[in-house]
Amino acid sequence: MNKRGKVLIVSGSAGSGKSTVLTPFKGGKIDPFRFSVSATTRAPRPGEVDGKDYLFVTKERFEEMIEKGELIEHTTFNNNYYGTPKAPLESMIEDGQIVILEIEVDGAEQIMSLFNKEDLISVFLSPPDYTTLEARLRGRGTNTEEDIVDRLERAKVELEYSKLYGHILFNFDNRASDVTDAIVKITKGEDVSGFDIYCESADALIHKFYN
Ligand code: 5GP
């Protein structure tokens, strides 16, 4: 029988570069990492594929998923629902995979309360500072001004939640592959505290972010 797998939560504000950092893991190309595909009621962005990037569902279908217990966690973000389907997550863990959940802090807190410490690895990813975050959000060009302001506000709140995570990493511009490497090392139980992208605590993160 396979060794039981693990859950790898990766959170970070919009603009933290989560998806770039996690791209190498997509499509099951790096064993034993697999991706949990979330359900959402938000509209697909250009290039996003249903069933791969997200399960794009209606509000009615999402509410049915909640009611039937099909989601292990869910939350509302920018007026849309997001949630993690339970059955695929459980079967990938049974199969011995490390399942990546790219989710925001509220959902992460729910997952942390459901899994044993030894079955769970958590990484909080942050842009190096506020100016970089704002530049990344505006540079993306696909969000409305209202959406950008909402995401900036939420990012400030999310920083406080970084204290719940086992590991905090900075994603400097053009350093995504270093973050990807550090995540792989963390999952192998290796020490990454000597890396310049490593942040020792939530307090240090908040201090560096605003200075
Ligand atoms: P986006 O709309 O930019 O794709 O995602 C918005 C936020 O929702 C991101 O912080 C993303 O990590 C988070 N998110 C995506 N899927 C889920 C999910 O299944 N559950 C929770 N709680 N958050 C999610």
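This is a predicted model: local features need pLDDT of at least 70, side-chain atom pairs count only at pLDDT 80 or more; totals for chains, interfaces and linings use all residues.

The protein has eight helices and 10 strands.

**Overall size**
- Along its principal axes, the C-alpha trace of the protein spans about 45 × 40 × 30 Å.
- A compact globule of 211 residues would have a radius of gyration near 17 Å, and the protein's own value of 17 Å agrees with that.

**Helices H5 and H6**
- Helix H5 covers residues 130-140 and helix H6 covers residues 145-161; their axes sit 10 Å apart, at an angle of about 150°.
- Angles over 145 degrees count as roughly antiparallel, so H5 and H6 are roughly antiparallel to each other.
- Their crossing is right-handed.
- On the H5 side, the contact is made by Leu 133, Glu 134, Leu 137 and Arg 138, while H6 brings in Ile 148, Arg 151, Leu 152 and Ala 155.
- Sorted by class, that H5–H6 contact has five nonpolar and three charged residues, with no polar ones.

**Around the ligand**
- The ligand is surrounded by 14 residues, and the closest are Ser 38, Tyr 82, Ile 103, Glu 104 and Gly 107.
- Which elements give two or more residues to this shell? They are strand S5 (71-77), strand S6 (80-85) and helix H4 (105-114).

Note on methods:
Residues are numbered from 1 along each chain as its sequence is written. Axes are lines fitted to C-alpha atoms, for helices over the stretch in contact, and angles run from 0 to 180 degrees between N-to-C directions. Helices (H or I, at least four residues) and strands (E, at least two) are DSSP runs, numbered from the N terminus. Angles under 35 degrees count as roughly parallel, over 145 as roughly antiparallel, 65 to 115 as roughly perpendicular and the rest as oblique. A crossing is left-handed if the near helix is turned anticlockwise from the far one by less than a right angle, and right-handed if clockwise. Two residues are in contact if their C-beta atoms, placed from the backbone, lie within 7 Å. Ala, Val, Leu, Ile, Met, Phe, Trp, Tyr, Cys and Pro count as nonpolar, Asp, Glu, Lys and Arg as charged, and the others, Gly among them, as polar. A residue is near a molecule or strand if its C-beta atom, placed from the backbone, lies within 6 Å of it. The radius of gyration is taken over C-alpha atoms; the globule rule is 2.2 Å times the number of residues to the power 0.38.
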